[in-house]
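I opened a notebook for this structure and went through it one feature at a time. The entries are kept in the order in which I looked things up.

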Amino acid sequence: MTTAPGRTVLLAAPRSFCAGVERAIDTVERLLAAPDREAPVYVRKQIVHNTHVVADLAARGAVFVEELNEVPPGSTVVFSAHGVSPAVHEQAKERGLTVIDATCPLVTKVHAEARRYAARGNTVVLVGHAGHEEVEGTAGEAPEVTLVIDSPAEVAALQVPDETRVAYLTQTTLSVDEAEETIQALRQRFPQLHGPSSADICYASTNRQESVEAVARQSDVVLVIGSENSSNSQRLVEVAQRQGVPAYLIDDASAIVPAWIESANTIGLSAGASAPAVLVDAVLEALRAWGPLTVREHVTAVEDITFAPPPDVRRLQ
């Protein structure tokens, strides 16, 4: 490929791990490092949606399973950052499993809201992507009264028993702008719509989207590091594309297609909240191999949020 002299990378900040992801990964690492550990550490689903994180933990001894029937009775199992439904908790109890719940506290907040609205007699409209683990877990708090939609176009077809008793919640990793469009459509359809006192879309998704939007406006192309099943990473690509800029999701540096960047003078670079920072460094190294590179960080927010480990693993410190 032809080298573009003076190529610049605009590095979006914040990027990479958020507090909920760090907490979930740390939970598994502490269990793996426990001096008295004799049995495997089982993890239901991917602890976070990143292939590199999962592969690293698996290499260190974590055993990832899809369902609890794959976990031997009496074992310890970790629930992922995305949360699970009460039915999954009940299944774990029936199998005599010791549960370490690494659900992100911000997802736990949405679960509590679902229970509260359902208890008040509301139909709960959950704005999110059907089939995503977080949505399945939240909807499972009150499945008999929860409806899942992911766009304004679905609002008109909603059937509810009482249009004055409708509440909405959202998946924590949605596009802020697209979620707002759906919420506005719900407000128009249900004027007495109830909603959470604070936004369900988490600070990390919001911050990363705002940073990518700002970087995209100054870039010829945007690369977002994250795995295909990472909702927050997918949303970052969409945010950049809405600025009229080509944007691509890459799992790591090996996924870069030279044609994407060969004519780009300025490359925007970010990483989803479940992507390790080391992958950002590797992408920068790969870009340097194609010619001179200037790296500038574009900071739109500073994050200082941390979450304490689950109680059952704090003793392992």
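The entries below go from domains to strands, then to annotated residues and backbone details.

**Entry: the model**

I note at the start that this is a predicted model.

**Entry: domains**

I looked up how the chain is divided. The domain assignment gives domain 1 as 7-17 + 203-299, domain 2 as 19-103 and domain 3 as 106-189. I then checked domain 1 against domain 3. Their C-alpha centres are 30 Å apart. The two are in contact, with nine residues of domain 1 touching eleven residues of domain 3.

**Entry: an open sheet of four strands**

I asked in what order the four strands of the open sheet stand. The order is E3-E2-E4-E5, and the pairing is parallel. The edges are strand E3 (62-65) and strand E5 (98-101), each of which pairs on one side only. On average, neighbouring strands of this sheet are turned by 30° against each other, with direction ignored.

Strand E2 (residues 41-44) runs parallel to strand E4 (residues 76-79), and three bridges join them.

**Entry: strand E6**

I asked how many residues of strand E6 (residues 123-127) are buried. The count is five of the five, so E6 is largely enclosed by the rest of the structure. I also wrote down which way the residues point. Thr-123, Val-125 and Val-127 point one way from E6, while Val-124 and Leu-126 point the other way. Residues pointing in both directions are buried.

Next came the partners of E6. With strand E8 (residues 166-170), E6 pairs in the parallel sense over five bridges. In that pairing, Thr-123 is opposite Val-166 in E8. With strand E7 (residues 146-149), E6 pairs over four bridges, also in the parallel sense. Here the bridge partner of Val-127 is Ile-149 in E7.

**Entry: the three annotated cysteines**

I turned to the UniProt record, an unreviewed entry. Its annotation "binding site" covers Cys-18, Cys-104 and Cys-202. They span 185 residues in sequence, yet no two of their C-alpha atoms are more than 10.2 Å apart, so they gather at one spot. The lining of the largest cavity includes Cys-18, Cys-104 and Cys-202.

I took Cys-18 next. Cys-18 is in the loop between strand E1 (7-13) and helix H1 (19-33). Its relative accessible area is 11%, so Cys-18 is buried, the cut-off being under 20%. Leaving out residues up to four places away in sequence, Cys-18 touches Tyr-203, Ala-204, Arg-208 and Ala-273.

Then I looked at Cys-202, which is in the loop between helix H6 (176-189) and helix H7 (203-216). Cys-202 is buried, with a relative accessible area of 11%. With residues up to four places away in sequence left out, Cys-202 touches Leu-106 and Thr-172.

**Entry: Glu-134**

I went back to UniProt for "active site". The unreviewed entry lists Glu-134. I asked where Glu-134 is placed. Its place is in helix H5 (residues 133-139). Is Glu-134 buried or exposed? Its relative accessibility is 3%, so Glu-134 counts as buried.

I then listed its contacts, leaving aside neighbours within four places in sequence. Glu-134 is in contact with His-82, Val-107, Thr-170, Gln-171, Thr-172 and Thr-173. Thr-172 is also touched by Cys-202.

**Entry: backbone details**

I returned to the loop between E1 and H1. Pro-14 lies in this loop, and a cis peptide bond with omega of about 10° joins Ala-13 and Pro-14. Ser-16 is found in the loop as well. Ser-16 is not a glycine, although its phi is positive, at about 60°. Ser-16 is buried, with a relative accessible area of 5%. The annotated Cys-18 is found in this loop too.

I looked up one further positive phi. Lys-45, a residue other than glycine, has phi near 65°. Lys-45 lies in the loop between E2 and helix H2 (51-59). Is Lys-45 buried or exposed? With a relative accessible area of 13%, Lys-45 is buried.

How values were computed:
Residues are numbered from 1 along each chain as its sequence is written. This is a predicted model: local features need pLDDT of at least 70, side-chain atom pairs count only at pLDDT 80 or more; totals for chains, interfaces and linings use all residues. Side-chain values use heavy atoms; hydrogens and water are left out. Two strands pair if DSSP finds at least two bridges between them. Helices (H or I, at least four residues) and strands (E, at least two) are DSSP runs, numbered from the N terminus. Axes are lines fitted to C-alpha atoms, for helices over the stretch in contact, and angles run from 0 to 180 degrees between N-to-C directions. UniProt positions are given in the numbering used here, feature names are shortened, and annotations may be inferred rather than shown by experiment. On a 1 Å grid over the protein atoms alone, a cavity is a set of points where a 1.4 Å probe fits but cannot get out, and a pocket is an open set with protein on both sides within 12 Å along at least five of seven lines; lining residues have an atom within 4 Å of a point. Buried means under 20% relative accessible area, exposed over 50%, partly exposed in between (1.4 Å probe, protein chains only). Contact means heavy atoms within 4.5 Å. Domain bounds come from an automatic or database domain assignment.
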